[in-house]
Amino acid sequence: MANFRLQPTQLPFLDNVCILEAVDQSSASIQLNAQHKLLVKAVGYHLHPTIIQPHLPAEPKVADLGAGTGTFLVDIANQYPSTAQFDGYDISDVAWLPPTERPANVTLHLTNCKKPPPPALHGAYDLVTLRFLNSGMGIEDWHPRASHAFQLLKPGGALQWIEANFAQVLPILQSHPDAVTSASEKGTVRAMHESPHTDWFVANLPPILDSLGFHGIKQNVTRTDRLPETRAELSRLFFGALYGILRRMAASGRKDAWTLEEAEEIYAEMLREVDAGAYVTCDLHQFFAFKPL
Ligand SMILES: C[S@@+](CC[C@H](N)C(=O)[O-])C[C@H]1O[C@@H](n2cnc3c(N)ncnc32)[C@H](O)[C@@H]1O
């Protein structure tokens, strides 16, 4: 089996983009939204009860780093008074929900979260959330990103950080004994081999949080296949992202890349296998931590 451990410098196709990236940018928002809804179902909550009680005030100020579409913030905003404040930060506005689909108290900002937050935002937030950023992060990025979250939080503020461990998406699984997984396995190996993913954060994020002064650090883990009824749809989304990688490899003209036709053929077969019961899954790690009062 291929080695998916990440070297930060080996991310030619995935620097600053989503693993569940759309095949073309115009569908990025639709794909991220579909992914968001399914992953919220798999995790089972928007904000974990540990975070809400007793840490969040009735009208919280919340920052989401790498906010994608902003849908996550909109979902949470709908559960709080209009006087609460929700700020999403992302390096790209390509997937943002249009302003008409965002309540007035959800604001999206074009920001490179690799850079430290400005002093004016230090201690500004009751809650900082981060979700599904590891595809665009190298090993060297985790400490700064956690440190920025710490700076943004008020004393007593909470951190909720959820990441998928793409290092273990193989083997492709069968939902029943007749399901065939060969094309899905082959396409996944080829695409993931080119864009290796790390599980480095699993063991290393908690000590980083600890070293920064966070307390009450906890890690929960569930799998994307926790709810069997979401397996096929999540697999189609994931394979759509892999197809995007295979297409970019083909377009790069590299000798070892599949042609566009070969990529299309294998992708079509992967989707047929999903229809027949093959599915992909990975662990979802949820980290919770608090800034001391
Ligand atoms: C997989 S998407 C996840 C989006 C969102 N958190 C969600 O759960 O749907 C990763 C997001 O991180 C953003 N991103 C990548 N690098 C970034 C950076 N340096 N600063 C801010 N956002 C970044 C991407 O633009 C993308 O929207």
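Which residues in α7 meet residues in α8? In this predicted model, Ala-232, Ser-235, Arg-236, Phe-239, Tyr-243, Leu-246, Arg-247 and Ala-250 of α7 are in contact with Leu-260, Ala-263, Tyr-267, Met-270, Leu-271 and Val-274 of α8. By class, this contact comprises 11 nonpolar, 1 polar and 2 charged residues.

Helix α7 covers residues 231-251 and helix α8 covers residues 260-275; their axes come within 10 Å and cross at roughly 170°. Because angles over 145 degrees count as roughly antiparallel, α7 is roughly antiparallel to α8.

Helix α8 also packs against helix α5 (residues 182-194), at an angle of about 130° and with the axes 8 Å apart. This angle makes α5 oblique to α8, and the crossing of the two helices is left-handed. On the α5 side the contact involves Ala-183, Ser-184, Lys-186 and Gly-187, which meet Ile-266, Tyr-267, Glu-269, Met-270 and Glu-273 of α8.

The table gives the classes of residue in each contact.

In soluble globular proteins, nonpolar side chains tend to be buried together. Leaving aside residues up to four places away in sequence, Val-128 touches Ala-63, Leu-65, Ala-149, Leu-152, Leu-153 and Leu-159.

Definitions and conventions. Residues numbered from 1 in each chain as written. Predicted model: local features only at pLDDT ≥ 70, side-chain atom pairs only at ≥ 80, totals over all residues. Axes fitted to C-alpha atoms, helices over the stretch in contact; angles between N-to-C directions. Helix = DSSP H or I, 4+ residues; strand = E, 2+ residues; numbered from the N terminus. Parallel < 35°, antiparallel > 145°, perpendicular 65-115°, else oblique. Contact = placed C-beta atoms within 7 Å. Nonpolar A, V, L, I, M, F, W, Y, C, P; charged D, E, K, R; others polar. Left-handed = near helix turned anticlockwise from the far one by under 90°.
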